Amino acid sequence: MPEILFKIDGREAVAQPGETILTVASRMGIEIPTLCFNQKISKTTSCFVCVVKDIKTGKFLPSCSACPAPGQEIDASSDEVKDMRRTALSLLVSEHTGDCEAPCTLACPAHATVEEYVRAGRQGDFRKALEIIKKRIPLPMSIGRVCPRFCERDCRRNIDGRPVSINDVKRLSADMYYDDYMEDCKPLNGKKVAIVGAGPAGLSAAYYLRLEGVSSVLFEQMPEAGGMLRYGIPEFRLPKDTLRRELAHFGKMGGIEIRCNQTLGKDFTAEQLEKDFDAVILAVGSWASSSMRIPGEELAQGGIQWLGAIASANWQNCKNPGRTIVVGGGNTAIDCARTAIRLGGDVTIVYRRTRNEMPAQAIEVEEAMEEGVKFEFLTAPAALEKNDDGSLSLSCARMELGEPDASGRRSPVLIPGSEFKLAADTVISAIGQRTVVPAGFEASKRGIAVNADDFTCTGRKVFYAAGDCVSGPATVVEAVAAGRKAVLSILDAFQGIAHKEPYEFNISRGHWRSLAKEDLVYLRKISDAKRIEPEYIPMEERKTTFHELYPTFTQEQVSAEADRCIECSCTGKHDCLLRKHSQKYGVSSDAYKGSKPISAVDVRHKYIIHDKQKCIRCGTCVKVCGEVINKSLLALMKRGFHTMCDTAFGQGFPDYCVDCGACVKECPTGALDWKKKD
């Protein structure tokens, strides 16, 4: 029979008799997504993701089964066709249930692959754990000590107890191997970036630039690098010898230079940097204290400045602050209070809401209470004055909680006639911090104004900004994430590519608060041991020294703790075609809402998991088993809304299936997969 001549996307195409449009398009390098197409089996034509359009008739055709006709014109790549594919994918994911990624990983601002490094810790391979961690967290020794543990808040072990102590896997892995570990860095390519600020965001930027072969110079206004890690976080939470050990690694990488005692606008200008470097990142942090807006507040000391002065003295020979009042409820307020305790002070925290509304970490509040910090909740400062004997008097008023404010917290409302005074020798204002925007740069509500897509400073295309100076005061892990994002934008700019944050597709079974224990999938026997607890140094030592609060857990303790991890993410997440296509086409997981089919996940087989809630009923497994393996162990059961691929009488897979695994290999969604995650 003669060849068939037609067109695809305006290009001349030639098909042999019996060839499908998909086959010809693939040969021509035109990418068409598909889920159900498999050359080993007869056509199923079930997913409709491979749709194309016949331009002359206006009909949409499944390219995996439709054969071209002479003179036909096929549209395989227009926005209209892509929208149809997006619709097909949206319909499929509308009833798809699973966890593309573990909730702990999704909760991490740096998107460290938490589940993977915890698994490595469970297996006792802490060097591998560090390798995984450093892909997204370049300061694991510090973050392993001070991270607020976003991951643990979303850990599914909260359902039946307490979360896995994830951060301690990071801390131990870094403590064990940090000195010997070295990344594979690309050769320096001649590009050079200036970074203003050697805090977490700036150091992160330098790290990721160096991995890609770009050198950097960090300009730091303080005598030592580290930013808030060095001058804002107390010694008892993060020993500075540990931080210095961590920072020494940047020198070992080569191509990273840190110049201290260098202030923008004083020792160098933005114009000089623009002239001498290929790009500039502003990572200047938020070092100015927010105002209490009360009469006499000039008599108070700013929290971050007070901590910085003590840090500059290396926590030695510092003055006893006496009767100390700390105003605020965040982590800086807690750090100030606990530092004052260690200097011999009698400390009270004044906070205008209740303990439940405090933004500080709960564990930090508990530790502060244990150490003797007193709290005046539902109390607001009204005025500060100096007495004749040099002491201070803080006028306060009692509050009650009213309606929620813009942050979602209930607003404190003054109780008339509740005024009273607190005597003090030192008053520290720790109600927040703000960014001093460098001259010549546009300001936003939170700091430096940047383009949301590429993090370039508004009106200054060679300049980028990252960290607290953009977002406002945040955490160290959020700062390192921001530094990496700025670098990705710069690397794209170097290649002439317009940068935009990539779309991340994810399906989730739901937050642990909305689930029951029986909703979870267990691929192995999970440890039912209680969460490990730190062994604090003696209380007297805690209250009178700046020694670290507790030592790092042992390898045996951390491996046992990691054995509590459920490992929530999909076993097939790395090769799931449904996720791959949905991400590429920008599919929303909830474009179509409705009740999802509920069925138990079959984990009876020693090696194979059968998760029917992930099945898209493409029939590939049924045909592979029947047409290729000649076993016919699977079939489409029931009809209508409840149709599913299942084994005869729901008895599960026989043991000998482990020797084949053909259905597992061909499943496009991970509904059939090996239990063991690699």
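Is Phe-441 buried or exposed? Phe-441 is buried, at a relative accessible area of 9%; buried stands for under 20% relative accessible area, exposed for over 50%, and partly exposed for what lies in between, with a 1.4 Å probe and protein chains only.

The model is predicted, so local features need pLDDT of at least 70 and side-chain atom pairs count only at pLDDT 80 or more, while totals for chains, interfaces and linings use all residues. Residues are numbered from 1 along each chain as its sequence is written, and side-chain values use heavy atoms, with hydrogens and water left out.

**Aromatic pairs**

The whole structure holds 9 aromatic pairs. Rings of Phe, Tyr and Trp (its six-membered ring) pair if their centres lie within 6.5 Å; planes under 30 degrees apart are stacked, over 60 edge-to-face, and the rest tilted. One of the pairs joins Phe-219 and Phe-277, edge-to-face. This pair links distant parts of the chain, 58 residues apart: Phe-219 is in strand β7 (residues 215-219), and Phe-277 is in the loop between α12 (270-276) and β9 (279-282). Helices (H or I, at least four residues) and strands (E, at least two) are DSSP runs, numbered from the N terminus. Phe-219 is buried, with a relative accessible area of 5%, and Phe-277 is buried too, with 11%.

Phe-441 and Phe-463 also form an edge-to-face pair. Here 22 residues separate the partners: Phe-441 is in the loop between β20 (433-434) and β21 (456-457), and Phe-463 is in strand β22 (residues 460-465). Phe-463 counts as buried, at 0% relative accessibility.

| Aromatic pair | Centre to centre | Between the planes |
|---|---|---|
| Phe-219 and Phe-277 | 6.2 Å | 85° |
| Phe-441 and Phe-463 | 5.1 Å | 75° |

Elsewhere, Tyr-207, Tyr-208 and Phe-250 are linked into a cluster by ring pairs.

**Charges over rings**

A charge sits over a ring if NZ of Lys or CZ of Arg is within 6 Å of the ring centre and within 35 degrees of the ring normal. Phe-441 has Arg-460 over its face, at 4.4 Å from the ring centre. Arg-342 lies over the face of Phe-236, at 3.8 Å from the ring centre.

**A parallel sheet**

Five strands form an open sheet with parallel pairing, in the order β11-β19-β12-β13-β14. Two strands pair if DSSP finds at least two bridges between them. The edge strands, β11 (301-302) and β14 (374-376), each pair on one side only. Within the sheet, β12 (residues 323-327) and β13 (residues 346-350) are joined in the parallel sense over 5 bridges. Val-327 has Val-350 in β13 as its bridge partner.
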